[in-house]
Amino acid sequence: MTLALPAGPAPAPRRQIFVGTALACVAGTMLIGGQLAIWALIRDRAVQAGERFPGKVEIPEVPSNVMLITLYVLCVFAQWTVYSAKRGDRMHAGLSLAIVALMAIAFINAQAYVYSRMEMPIADGGYPGMFYAITGTMIALVVIGLGFTAITAFRTLGGRGGELELVSSYAMYWYFVAAAFSGVWFLVYVTK
């Protein structure tokens, strides 16, 4: 007579998407942080030389404030996506994903408005190059977030609602974008 041992514990879930998104957020934080450090260095050198930084350029502040508020509200809707996906509510998950996509497009539109109002040529010195580099990086991060929104929508609404790791990673990415833009907003748009 042989006795069988009970089955072993189930293996821990693998979280490749969540860990990968976290590493991408860390890399993005280092990228934006490095750009902002260079920005602060260039600004200090210009101020010590007695120049007005950014020169004769006027930055419209209302659209930049709207961009900041848009990203914070966008984070609320990204968290609503997580909430809806945990409860298996595909209708509200789809609605929240659509609102996030709409707000991301509104962010890009506001940045385009800032570009058109400033009318600043990129080859005008150090300031325009850094301004376009930092804000262009933020637009690239938002466009990546739009792609992430599309992938999350296809997987969540397409019947794979049990994959909460993807939706949680999605929300974490938007939190990162909002935090990164907070730094950009303060150093680039407010303190100039």
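This is a predicted model: local features need pLDDT of at least 70, side-chain atom pairs count only at pLDDT 80 or more; totals for chains, interfaces and linings use all residues.

Biologist: Fine. Start with helix 3 and helix 4: at what angle do they pack?

Modeller: About 165 degrees, and their axes are 10 Å apart. Angles over 145 degrees count as roughly antiparallel, so helix 3 and helix 4 are roughly antiparallel to each other.

Biologist: And which hand does the crossing of helix 3 and helix 4 have, left or right?

Modeller: That crossing is left-handed. If you sort the residues of the helix 3 and helix 4 contact by class, you get 21 nonpolar, seven polar and one charged.

Biologist: OK. What about helix 2 and helix 5, how do their axes cross?

Modeller: Helix 2 covers residues 61-86 and helix 5 covers residues 164-190; their axes come within 9 Å and cross at roughly 165 degrees. That makes helix 2 roughly antiparallel to helix 5. The crossing of helix 2 and helix 5 is left-handed.

Biologist: Which residue classes make up that contact?

Modeller: There are 20 nonpolar residues in the contact of helix 2 with helix 5, plus six polar and two charged ones.

Biologist: Switching to rings. How many aromatic pairs does the structure hold?

Modeller: It holds 11 aromatic pairs. One of them is Tyr115 with Phe131, an edge-to-face pair with 6.2 Å from centre to centre and 80 degrees between the planes.

Biologist: Where do Tyr115 and Phe131 sit in the chain?

Modeller: Tyr115 is in helix 3 (residues 90-118) and Phe131 is in helix 4 (residues 126-157). They are 16 residues apart, and the pair links distant parts of the chain.

Biologist: Is Phe131 buried or exposed?

Modeller: Phe131 is buried, with a relative accessible area of 0%. Tyr115, on the other hand, is partly exposed at 22%. The cut-off for buried is under 20%, so Tyr115 falls into the middle class.

Biologist: Which residues do the ring pairs link into a cluster?

Modeller: Phe107, Tyr115, Phe131, Tyr132, Phe181 and Tyr189.

Biologist: Now the helix lengths. How far does helix 4 reach?

Modeller: Helix 4 has 32 residues and reaches 46 Å from its first C-alpha to its last, close to the 46 Å expected at 1.5 Å a residue. For helix 2, with 26 residues, the reach is 38 Å, again close to its expected 38 Å.

Biologist: Backbone next. Which residue takes a positive phi just after helix 4?

Modeller: Gly159, at about 110 degrees. Just after helix 2, Gly88 takes a positive phi too, of about 70 degrees.

Biologist: What's up with Glu119's phi?

Modeller: Glu119 has a positive phi of about 45 degrees although it is not a glycine. Glu119 lies in the loop between helix 3 and helix 4, and at 66% relative accessibility it counts as exposed.

Biologist: Last one, the start of the chain. Where does Pro9 lie?

Modeller: Pro9 lies in the segment before helix 1, which spans 16-48. Pro9 is exposed, with a relative accessible area of 79%.

Biologist: How far is Pro9 from Ala46?

Modeller: Their C-alpha atoms are separated by 63 Å, and the two residues are 37 apart along the chain.

Definitions and conventions:
Residues are numbered from 1 along each chain as its sequence is written. Side-chain values use heavy atoms; hydrogens and water are left out. Rings of Phe, Tyr and Trp (its six-membered ring) pair if their centres lie within 6.5 Å; planes under 30 degrees apart count as stacked, over 60 as edge-to-face and the rest as tilted. Helices (H or I, at least four residues) and strands (E, at least two) are DSSP runs, numbered from the N terminus. Buried means under 20% relative accessible area, exposed over 50%, partly exposed in between (1.4 Å probe, protein chains only). The expected span of a helix is 1.5 Å times one less than its number of residues. Axes are lines fitted to C-alpha atoms, for helices over the stretch in contact, and angles run from 0 to 180 degrees between N-to-C directions. Angles under 35 degrees count as roughly parallel, over 145 as roughly antiparallel, 65 to 115 as roughly perpendicular and the rest as oblique. A crossing is left-handed if the near helix is turned anticlockwise from the far one by less than a right angle, and right-handed if clockwise. Ala, Val, Leu, Ile, Met, Phe, Trp, Tyr, Cys and Pro count as nonpolar, Asp, Glu, Lys and Arg as charged, and the others, Gly among them, as polar.
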